[in-house]
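Hello,

Here is the structure I promised to pass on. Please open it first, then read my notes below.

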Amino acid sequence: MSETKKFRLAVIPGDGIGKEVVREGMRVLQHMAEESDGKFSFESDYFPWGCEYYLEHGKMMDEDGVEKIKDHDAIYFGAVGFPGVPDHVSLWGLRLAICQGFDQWANIRPVEFLPGVPRRLNHPNVDDLNWILVRENSEGEYSGIGGRNFAGRGTGNEVAVQSSLFTEKGCERIIRFAFDLARTRDRKKVTSVTKSNAQQYGMVLWDEVFARVSKDYPDVETDQWLVDAMAAQFVLHPEELEVVVASNLFADILSDLGSALAGSLGIAASANLNPERRTPSMFESVHGSAPDIAGKGVANPIGTIGSAALMLDHLGLKDEAVQLNKAIEETTRQGILPRDLGGSFDTVDVTDAIIKNLAKVK
Ligand code: ATP
Ligand code: MG
């Protein structure tokens, strides 16, 4: 028998329901490893970073945190956020520090309609939809460039500037990534989303790069939209979408809309990739720490377990990734739904069912 592939995971459960759903995701992954007949195994190192860590140590993660996890094969991330810690502190202090520290410039977020999950929309054209949102993850509106006129604070005249950064290289790599991804799918189509009528510098550059790169992919159908019209298109004609590529902020907003259309924020998975594989990529659900339901054992684990499927795929375990997605679908088809999807099953019950269904769909 060939040697066992050993994967080292850096696990960062974070705050709130992040801890609860990552525990479930790890349970699924360890179960799959045990059932793999020695094909692969996971060794996981846990890092207690997040808002509780911040309240105790004054920082979201260790100063050398990025260094500590740079040799792991992947990062499995829960969520950060805590009442009393400003969101921009928790976001920049941990999640964005990792994304930027490891140059995870591509964020993919599949939008999938699961069987048995009540839809927000009864759409005549829509039965089993599945599209994928590609988010530019290194620049754009999240470049962190700007400042505040603190001298003016409290005077009623304070001024703040927040700039977006678009580079030709940054646009080109994410747009090429979207085209390459489209080529792997049955329907080859890329939709680009900007607001280049009002954002006349960076987003016009994006549009120009899109037009140029698309010439290298004559086999891929394209269209270009303004983000406001695309928000409506998500609702009116989701069947027109296949691979959608957008800037950091726009894709973030559209992904919440997409996951809500598909049923709930709780089912949306995501991967922050360094496509060159120089550094570890990070896998996490789209939702946050949801303090309103934390500690109750009712969080939906599907987004985080779906992110584990993206991780398996990235680690080269393609068949296992497909198997896990099928087990999730089988579970919702059986009506084993958590509360946010209208069911009455707890976090642990949903995971148990997914684990049980792994054998069924194999
Ligand atoms: P954060 O500040 O960490 O982003 P948040 O309060 O914005 O947290 P989110 O997690 O982004 O909360 O989600 C918004 C709401 O959606 C939550 O308050 C929760 O009610 C619901 N929700 C999100 N994720 C889940 C989940 N996995 N299961 C059930 N409900 C969820
Ligand atoms: Mg949030």
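Strand β4 (residues 106–112) and strand β5 pair in the antiparallel sense, over 7 bridges. Strands here are DSSP runs of E with at least two residues, helices are runs of H or I with at least four, and both are numbered from the N terminus. Two strands pair if DSSP finds at least two bridges between them. A106 has E136 in β5 as its bridge partner.

Strand β5 also meets strand β10 (residues 243–246): these two run parallel and are joined by 4 bridges. There, R135 stands opposite A246 in β10.

A residue is buried if 20 or more other C-beta atoms lie within 10 Å of its own, exposed if 12 or fewer, and partly exposed in between, with C-beta atoms placed from the backbone.

A word on the source. This is a predicted model, where local features need pLDDT of at least 70 and side-chain atom pairs count only at pLDDT 80 or more, while totals for chains, interfaces and linings use all residues. Residues are numbered from 1 along each chain as its sequence is written, and chains are lettered from A and ligands numbered from 1 in the order in which they are written.

Now the whole protein. It has 11 helices and 12 strands. Its radius of gyration, taken over C-alpha atoms, is 20 Å, close to the 21 Å that the globule rule (2.2 Å times the number of residues to the power 0.38) gives for 362 residues, so the protein is as compact as a globular protein of that length. Of the 362 residues, 46% count as buried.

Next, two loop residues. D37 is not a glycine, yet its phi is positive, about 55°. D37 sits in the loop between α1 (17–34) and β2 (40–46). D37 counts as exposed because it has 8 C-beta neighbours inside 10 Å. R277 is also a residue other than glycine with a positive phi, near 60°. Its loop lies between β11 (269–273) and β12 (281–285). R277 has 10 C-beta neighbours inside 10 Å, so R277 counts as exposed.

Last, ligand 1. Which residues come nearest? Of the 17 around ligand 1, they are G81, G266, H287, G288 and N300. A residue is near if its C-beta atom, placed from the backbone, lies within 6 Å.

Best wishes
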